[in-house]
Amino acid sequence: MFKRIINTGIYPELNFKEQSKIRIFNISCLVVSSILIFYSVLGIIQELYLISFLSLLEVLFFAFNLWITHLRKYIFSYHFGIINGMMFIFSFAIVLGETNQAHLYFLFMPMAAMIVFDSKKTALFYFILSMILLTASTFIYKYFTPFYDVSATGGVFGLTNLLFAGLLIFLGIKLFKVENLEFNEKINLQKKLLEEKNKDITDSITYAKRIQKALMASDSLLNKNLPEHFILYKPKDIVSGDFYWAQKCGDKFLIATCDCTGHGVPGAFMSLLGISFLNEITKEKKYCSARFDF
């Protein structure tokens with residue numbers, strides 16, 4: 001069940017980076033929902049029923065977030081989750097006052113925005129918004145009386161908020177690091193596979209080069225019939241569409257340099273056909289003195 005929830009909205013066609021962001025966001029929603037359920041139970045025990053109501057309402061909002069993610073509305077889900085979280089933290093600060101230390105959660109929100117949004121402007125916007133709400137919370141603590149006086153609870157809300165805020169920051173960094181390590185492992189695996197494929201392909205083409213070279217005019221034939229000569233043959237992609245050909249035909253020595261359409265393997269296929277046709281004309285049909293126009 002846990003695995004199914006954290007993989008909500010993740011589909012094979014998404015690249016690894018997008019899958020990582022969705023997974024981190026889903027885990028964050030699940031962890032925060034667990035914290036909120038704890039607060040709702042604590043609120044009932046402490047007879048702070050408004051806190052319980054707000055916490056359970058927030059759990060429903062995060063469930064809605066997961067549903068939106070399932071529908072592939074990722075950007076909307078990210079914005080809704082972060083803004084919704086900020087509003088809850090701010091309302092928590094108003095209801096319980098400074099002793100609950102809820103404003104510490106504002107330190108987590110910019111980090112969450114930087115993880116899920118690629119746009120630096122968007123991340124900067126949420127950083128500024130978090131700082132504004134953090135400052136507003138401090139102002140409210142100073143000039144307004146909280147809805148509940150939790151000083152008699154022995155600072156239990158303040159302590160738990162401090163611990164949970166630290167846990168969320170640690171968890172966010174840890175998840176981001178784990179996803180990056182997994183991403184690097186996949187990149188290294190793909191690199192290794194590409195290197196192996198490239199080696200196999202290169203070895204095959206190199207062997208094809210030997211076959212192509214064997215079908216061209218041999219050095220012994222050229223040296224025997226054309227003592228003073230040189231060959232400038234520089235294939236672009238190991239094998240080539242260009243080829244040179246020579247053949248002894250009766251009392252004539254025929255030589256040709258040819259350029260076939262294409263480079264690399266396609267051109268090499270064409271060159272083999274060209275060599276075959278020339279050999280057929282001269283060796284089998286003995287057309288040594290005929291003129292051909294191409």
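Where is Glu 47 found? I looked there first. Glu 47 sits in the loop between helix H2 (16–45) and H3. I note that this is a predicted model.

I checked the backbone of Glu 47. Its phi is positive, about 60°, although Glu 47 is not a glycine. Most residues other than glycine have a negative phi.

**Entry: helix H3**

I moved on to H3, which covers residues 49–70. H3 has 22 residues. From first C-alpha to last, H3 reaches 32 Å, close to the 32 Å expected at 1.5 Å a residue.

Which residues of H3 are buried? I listed Ile 51, Ser 52, Leu 54, Ser 55, Glu 58, Val 59, Phe 62, Asn 65, Leu 66, Ile 68 and Thr 69. I kept one rule in mind for reading such a list. An α-helix has 3.6 residues a turn, so residues three or four places apart point the same way.

Phe 64 also lies in H3. Its relative accessibility is 32%; buried means under 20% and exposed over 50%, so Phe 64 counts as partly exposed. I found Phe 64 in a nonpolar surface patch with Trp 67, Leu 71 and Phe 76. The patch is about 400 Å².

**Entry: Arg 72**

What follows H3? I found Arg 72 there, with a positive phi near 70°. Arg 72 is not a glycine. It lies in the loop between H3 and H4. With a relative accessible area of 42%, Arg 72 is partly exposed.

I followed the side chain next. The charged end of Arg 72 sits over the ring of Tyr 11. The distance to the ring centre is 3.7 Å.

**Entry: helix H4**

I checked the span of H4, residues 74–96. At 1.5 Å a residue, its 23 residues should span 33 Å. The end C-alpha atoms of H4 are 33 Å apart, which agrees. Just after H4 comes Gly 97, with a positive phi of about 85°.

**Entry: aromatic rings**

How many aromatic pairs does the structure hold? I noted 14. I also looked up one aromatic cluster. Its members are Phe 25, Tyr 78, Phe 117, Phe 125 and Tyr 126.

Notes. Residues numbered from 1 in each chain as written. Predicted model: local features only at pLDDT ≥ 70, side-chain atom pairs only at ≥ 80, totals over all residues. Heavy atoms only, no water. Patch = residues over 30% accessible without salt bridge, like charges linked within 9 Å, V, L, I, M, F, W, Y side chains within 5 Å. Areas by Shrake-Rupley, 256 points an atom, 1.4 Å probe, with all protein chains shown as cover. Salt bridge = Lys/Arg side-chain N within 4 Å of Asp/Glu carboxyl O. Helix = DSSP H or I, 4+ residues; strand = E, 2+ residues; numbered from the N terminus. Buried < 20%, exposed > 50% of the residue type's maximum accessible area, 1.4 Å probe, protein only. Phe/Tyr/Trp six-rings, centres within 6.5 Å; stacked < 30°, edge-to-face > 60°. Lys NZ or Arg CZ within 6 Å of the ring centre and 35° of its normal. Expected span 1.5 Å × (residues − 1).
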